Amino acid sequence: MVNARMLGAEVERWAASKGMTVADLGKVMECSELQVQFFLKGRAYASFAQMERLAAALDTKVSMLLTGDPMRSETTIIQPEGAFRDLAKREFVLNLIYDYADVLDATRTCS
C-alpha cells in the first residue's frame, strides 16, 4: 500500500493546489466522497478512466500522478524513526491507525 499512499498523497497535493475538495474529486472520479477518502489514504484504487479524469481536472498527466515524489511522500506522510523505518512495521502501524480512524468516523455517522 506504500505506492497507493504515495499516489493518494500526490493527488491530494495536486487537488489542494487547484483548490479542489474531496467532493470535487468525487465528482471528477464519479464516486462517493468516502471512496475518494479511501483512495487518498491509499486504501482503495482508482480505475484508469478515473485516473485520466483526475489528470485532466488537475491539468497534468496520469504519469505525473503515478510517478509522485518518494522523498516528498516520506516527509509528508510520515517521518520514520527507529523501528518505524522498517517498511513492514510502518505499513502495519499505518493500517491500524487508518482502521481506527475509519471506525471512529463510522461511529460518528451512526450517532
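How are helix 2 and helix 4 set relative to each other: oblique or roughly parallel? Let's work it out on this structure, which is a predicted model.

Two packed helices are described by the angle between their axes and the distance between the axes. Start with the stretches themselves: helix 2 covers residues 22–29, and helix 4 covers residues 48–57. Their axes come within 8 Å and cross at roughly 125°. Angles from 65 to 115 degrees would count as roughly perpendicular and those over 145 as roughly antiparallel, so helix 2 and helix 4 are oblique to each other. As for handedness, the crossing of this pair is right-handed.

Now look at who meets whom. On the helix 2 side you'll find Leu-25, Val-28 and Met-29, and they meet Gln-50, Arg-53, Leu-54 and Ala-57 of helix 4. Sort the residues of this contact by type and you get five nonpolar, one polar and one charged.

Setting aside residues up to four places away in sequence, Gln-50 touches Met-29, Cys-31 and Tyr-45.

Over in helix 3, which runs through residues 33–41, sits Lys-41. Is Lys-41 buried or exposed? With a relative accessible area of 18%, Lys-41 is buried, by the under 20% cut-off. Leave out the neighbours within four places in sequence, and Lys-41 is in contact with Arg-5, Tyr-98, Asp-102 and Asp-105.

Definitions and conventions. Residues are numbered from 1 along each chain as its sequence is written. This is a predicted model: local features need pLDDT of at least 70, side-chain atom pairs count only at pLDDT 80 or more; totals for chains, interfaces and linings use all residues. Side-chain values use heavy atoms; hydrogens and water are left out. Axes are lines fitted to C-alpha atoms, for helices over the stretch in contact, and angles run from 0 to 180 degrees between N-to-C directions. Helices (H or I, at least four residues) and strands (E, at least two) are DSSP runs, numbered from the N terminus. Angles under 35 degrees count as roughly parallel, over 145 as roughly antiparallel, 65 to 115 as roughly perpendicular and the rest as oblique. A crossing is left-handed if the near helix is turned anticlockwise from the far one by less than a right angle, and right-handed if clockwise. Contact means heavy atoms within 4.5 Å. Ala, Val, Leu, Ile, Met, Phe, Trp, Tyr, Cys and Pro count as nonpolar, Asp, Glu, Lys and Arg as charged, and the others, Gly among them, as polar. Buried means under 20% relative accessible area, exposed over 50%, partly exposed in between (1.4 Å probe, protein chains only).
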